[in-house]
Structures are given as C-alpha cells and as structure tokens.
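Welcome to a short tour of a protein model. Have the sequence and the 3D view ready, and look for each residue as we reach it.

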Amino acid sequence: VYSVERLSSTHSVWALLTFPGRREVATIQVGFTKRSIDFHNKIRLSHRDIVSEYTLANGTLDSFFVDDGIKYSWSRGSKNLEKVINPGAGPDEIRKRVARAKLMRQFKLDFEVLIDENEIDKEVALATSFVSMLSLWGVGNYTDTVGPTYVPPKAQLAATATKEPERNVVV
C-alpha cells in the first residue's frame, strides 16, 4: 500500500511513501511547466522528466523513459500506460498496454490503477500515473463509474494457469 503526500496545499512537490512503514519511494514534482520524478530506491533509475506530447494517432500523452531506454506513455483518452517500441516509426511502431487507470468517482481525485508487474515496475507506474492524474486527466472528466475492477487473487491465477484445459471428446 502506498500514499502520496505533500507538505502544504500550495507546494508542487509530492512524496510517494510506502504505508504503514512510511519509507519514501519517490519525490514527484508536478508544476505548470516542469514535471519530474526522483526515485530513491531504484538502482539505475533516479531522475526522470515527464513530457507532454500530442500525436494525431494517439492524442495527448505524458511520456517518459526508464532505464532500459524504452519509452512509456500515459494517454489522455484511454488512460492506458503503453510501452512504445520504435516510437515515431509509423507502421513499425508497436504499443503494448502495461497498465490502466480508471476514474472511480466523478470530480474527485479517486483513481484505480491496474498494473502488469511483469512488464513495468509498480512504483514507476504509480508515480507516473499520479503525475497524469494531476496534469493530464484532471478531475473534470466524465466517465461511467461502475466500481472497482475484479482482480482474482494471485493464488487463484496460479491455479488456473497450471490447470489443464478441458477437452471435448466426441465418440
């Protein structure tokens, strides 16, 4: 469990903390012109700038790079975090969804973030999604809120992955 806190309501610097241990994972700056994240416990991933860009195909994006040199982008419309391979290469550009955010309550800063932890570090996805919550998505988007997404427990996922599929035999 994580919490995101700041010193005062006028301060543009936030801290991503583990809960209940309150260990600071990242410092997040969300200003009008500068958005960045400083990770404190990632070995080759310290400071990352987040830039806004607009493309005709994908709309408005918040993009950043991680230590493997791969570009990641949160989109305004779909609220998906996509891993971008060969960015700007037209038909050779490949986008793979690795996380998704969903607005839970209208006009509130209440989002659900689902992360594929095999594809991206969860703390990187959480910190960057928070920047997009404040700068890209805002709190005025209209959406149908239907409650949290059901995610089966990991034990149940492992059991279904090892279970042999049923076979229909016609005699």
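## A buried tryptophan

W137 counts as buried, at 1% relative accessibility. Here buried means under 20% relative accessible area, exposed means over 50%, and partly exposed lies in between, with a 1.4 Å probe and protein chains only.

Before going on, note that this is a predicted model, in which local features need pLDDT of at least 70 and side-chain atom pairs count only at pLDDT 80 or more, while totals for chains, interfaces and linings use all residues. Residues are numbered from 1 along each chain as its sequence is written, and side-chain values use heavy atoms, with hydrogens and water left out.

## The overall picture

The protein has two helices and 11 strands. These are DSSP runs numbered from the N terminus: helices are H or I with at least four residues, and strands are E with at least two. Starting at the N terminus, the order is β-β-β-β-β-β-β-β-β-β-β-α-α.

How many of the 171 residues count as buried? The share is 33%. The accessible surface comes to about 10900 Å², and 54% of that belongs to carbon and sulfur atoms. Such areas come from the Shrake-Rupley method with a 1.4 Å probe, and for residues only the protein chains shown count as cover.

## Two strands and a hairpin

Let us look at strand 1 (residues 2–6) and strand 2 (residues 13–18), which pair in the antiparallel sense over five bridges. Two strands pair if DSSP finds at least two bridges between them. A hairpin of six residues joins strand 1 to strand 2.

Rings of Phe, Tyr and Trp (its six-membered ring) pair if their centres lie within 6.5 Å; planes under 30 degrees apart are stacked, over 60 edge-to-face, and the rest tilted. One of the pairs is W14 with F130, edge-to-face at 4.9 Å centre to centre, with 70 degrees between the planes. Because W14 lies in strand 2 and F130 in helix 1 (residues 122–137), this pair ties together parts that are 116 residues apart in sequence. W14 is buried at 14% relative accessibility, and F130 is buried at 7%.

The centres of the F111 and W137 rings are 5.5 Å apart and their planes are at 35 degrees, so this pair is tilted. F111 sits in strand 11 (residues 111–115) and W137 in helix 1, 26 residues apart. F111 is buried too, with a relative accessible area of 14%. Finally, ring pairs link W74, F111 and W137 into a cluster.
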